[in-house]
Amino acid sequence: WVSPWVRSCALYALKEEGGQDGIEVAKAFVDDGEPLIRETALWVTGERKRVRHPSDTEFDEQAEESPMLLTIERVLVLKSVKLFEAVPEEVLAALAAVMEERECRAGEAVYEKGGTGRSMYIIAEGEVRVHDGDRTFVTLGEREFFGELTTLDPAPHSANVSTNVATRLLVLDREGLYELMSDHPEVLREIIHELCGRLRRK
């Protein structure tokens, strides 16, 4: 009766607190039918290299360790973003499992003015600037988001976005955002609130 999210959180805590006993406990869950539980258990036991994506049903024993965040770590990032703080963790876990993760070098363009987009971006680590040439409109840091306007209205980007430092982004596409907003209208309210705040700061 305990949800997959709660069981995964318990396994996640074993990594820091359980020592060898925690590893032995986690081994019982490496073949669990729930992808979230299986992924977390593999990380606790040190078999993280087998995880390519939480929805995988087969694992490559020879694969290099994935640099990607665990699904549970993505949820922790999302939960710390005001936009998602009222959304239940179980819902965020399903969302996090299908989000793309993108790593960018310092000075790399995330997208360019005039281009089309269908995704919004959450900054898990790092910093970006929204700019037009050398003119910087705003600098955004960890747990902030951008690109939400073109996700709601598929018009060309009105500015460039580039990274200031090495940056890890979580990418939510339009369909995922729309589905989330249909069940949790508070997400749309927070987006509107953020957009209004940015307009006032211009």
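What follows is a working chat about a predicted model of one protein chain.

Biologist: Ground rules before we start?

Modeller: Residues are numbered from 1 along each chain as its sequence is written.

Biologist: How many helices and strands does the protein chain have?

Modeller: Eight helices and eight strands. Both are DSSP runs, numbered from the N terminus: helices are H or I with at least four residues, strands are E with at least two.

Biologist: And what share of the residues is buried?

Modeller: 45% of the 202 residues. Buried means under 20% relative accessible area, exposed over 50%, and partly exposed in between, with a 1.4 Å probe and protein chains only.

Biologist: What about contacts between residues at least 6 apart in sequence?

Modeller: Of those, 64% join residues at least 24 apart. Contact means heavy atoms within 4.5 Å.

Biologist: Sheets next. Which strands sit with β8?

Modeller: β8 is in an open sheet of four strands, ordered β1-β8-β3-β6, with antiparallel pairing. Two strands pair if DSSP finds at least two bridges between them. The edges are β1 (100–104) and β6 (145–146), each pairing on one side only.

Biologist: What packs on that sheet?

Modeller: Helix α7 (residues 174–183) does, touching β3 (119–125) and β8. Its direction makes about 65° with that of β8. Axes here are lines fitted to C-alpha atoms, for helices over the stretch in contact, and angles run from 0 to 180 degrees between N-to-C directions.

Biologist: How many bridges hold the pairs?

Modeller: Five join β1 to β8 (residues 167–173). E100 has V171 as its bridge partner there. Six join β3 to β8, with I123 opposite L169. Two join β3 to β6, where I122 is partnered with F145.

Biologist: Is β3 enclosed or open?

Modeller: Six of its seven residues are buried, so β3 is largely enclosed by the rest of the structure.

Biologist: Which strands make up the sheet with β7?

Modeller: That is an open sheet of four, in the order β2-β7-β4-β5, antiparallel again. β2 (109–111) and β5 (135–140) are at the edges with a single partner each, so one side of each has no neighbour in the sheet. Neighbouring strands are turned by 30° against each other on average, direction ignored. Five bridges join β4 (residues 128–132) to β5, and V128 stands opposite L140.

Biologist: Which residues have the most contacts inside the largest nonpolar core?

Modeller: L78, L83, F84, L95, I122, L170 and V187, in a core of 37 residues. A nonpolar core is a set of buried Ala, Val, Leu, Ile, Met, Phe, Trp, Tyr and Cys residues joined through side-chain atoms within 4.5 Å. Elements giving two or more residues include α1 (4–17), α5 (89–98) and α8 (185–201). The largest share, six residues, comes from α3.

Biologist: What does L83 touch?

Modeller: Beyond its neighbours within four places in sequence, L83 is in contact with M120, F145, V187, E190 and I191. There is also a second, separate core of 13 residues, V128 and L140 among them.

Biologist: Back to α3. How many of its residues are buried?

Modeller: Nine of its ten. Their cover includes α1, α2 (19–27), α4 and α5. Just after α3, G46 takes a positive phi of about 90°.

Biologist: What does the R74 side chain reach?

Modeller: The backbone oxygen of A96, at 2.8 Å. Leaving aside neighbours within four places in sequence, the contacts of R74 are M68, L69, A96, M99, E101 and L170.

Definitions and conventions
Predicted model: local features only at pLDDT ≥ 70, side-chain atom pairs only at ≥ 80, totals over all residues. Heavy atoms only, no water. Polar contact = N/O pair within 3.5 Å; in protein donor to acceptor, adjacent residues only side chain to side chain.
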